[in-house]
Amino acid sequence: DIKKFANAVVIGKSSVFPATKRFVTGQTAVVERLQKSQLQVYVELFQNEFVSQKLDSFYDATIEINTYTYGLGINGTITEYPFTAARYKRNRCLGRKVIPPYMSAIEPGGLLNYLVSPLSLPPAEAPNLVFTNADVSEPPLPPVAKALTSSTNAGAPSGQTRLPIFLSGFFASLLLM
C-alpha cells in the first residue's frame with residue numbers, strides 16, 4: 001500500500017535493531033520486506049553522542065553507520081552530524097574486497113551474549129495465568145448507591161458523619177506551648 005504514494009520510507013533505528021538496556025537483542029525483517037516491495041529505506045536519527053548509540057557499536061558512530069549500510073544494505077541515513085557520514089563515505093576500508101574485522105557489522109545480540117553468561121542470568125519468569133469468567137468464584141460487587149443525607153451530616157464530605165472533637169486540658173496545654 002505504501003508503494004502507491006511513496007517510493008521511499010524513513011524508519012527509526014529501533015525498528016531495525018530492537019534493544020534492551022542499550023544492548024541490541026535482535027534484528028527485524030523490516031528493511032528486507034520494504035526493499036522487496038521496491039521501496040528505498042532510510043534510517044534515522046544517527047547522532048554522535050554516546051547516549052544515542054547502542055553499546056554493541058562501542059560508542060563509535062562509524063561502526064554504527066556501517067552496521068546499517070554494509071550489514072543491512074539500507075539506502076541512506078539521516079544524521080545530525082553530516083561530517084561523520086561524509087567521513088564514513090571516504091573511509092578506505094570500504095573499498096577493499098575483504099572488510100577488516102574492526103569495520104564489520106555488529107552481530108545482533110553478540111555483545112550481550114559475550115558479556116553475560118547464561119549461568120549468571122536470573123531464572124526464567126513463570127508464565128502469567130490466563131483467567132476466564134469461569135475461573136472467578138465471587139460475584140461482582142453491587143452497584144454504588146447514592147448516600148442519604150440527613151441533618152446530622154450537613155457539611156460532612158461524602159456522607160461521613162461529623163463528630164465533635166474534645167481535647168483534655170493536658171493535651172490543650174501541650175498544643176499551646
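A: In this predicted model, strand 4 (residues 40-46) and strand 5 run parallel and are joined by four bridges. Across this pairing, Tyr42 has Gly76 of strand 5 opposite it.

The two strands belong to an open sheet of three strands, arranged in the order 1-4-5 with parallel pairing. Strand 1 (8-12) and strand 5 (76-79) are the edges of the sheet; each has a single partner strand, so one side of each has no neighbour in the sheet. From one strand to the next, the twist averages 30 degrees.

Next comes the helix that lies on these strands. Helix 2 lies across strand 4 and strand 5, and its direction is at about 165 degrees to that of strand 4.

Helix 2 (residues 61-71) also packs against helix 3 (residues 82-89), at an angle of about 65 degrees and with the axes 10 Å apart. Angles of 65 to 115 degrees count as roughly perpendicular, so helix 2 is roughly perpendicular to helix 3. The crossing of helix 2 past helix 3 is right-handed.

On the helix 2 side, the contact is made by Ala61, Thr62, Ile65, Asn66, Thr69 and Tyr70. Helix 3 contributes Thr84, Ala85, Arg87 and Tyr88.

Technical notes:
Residues are numbered from 1 along each chain as its sequence is written. This is a predicted model: local features need pLDDT of at least 70, side-chain atom pairs count only at pLDDT 80 or more; totals for chains, interfaces and linings use all residues. Side-chain values use heavy atoms; hydrogens and water are left out. Axes are lines fitted to C-alpha atoms, for helices over the stretch in contact, and angles run from 0 to 180 degrees between N-to-C directions. Angles under 35 degrees count as roughly parallel, over 145 as roughly antiparallel, 65 to 115 as roughly perpendicular and the rest as oblique. A crossing is left-handed if the near helix is turned anticlockwise from the far one by less than a right angle, and right-handed if clockwise. Contact means heavy atoms within 4.5 Å. Two strands pair if DSSP finds at least two bridges between them.
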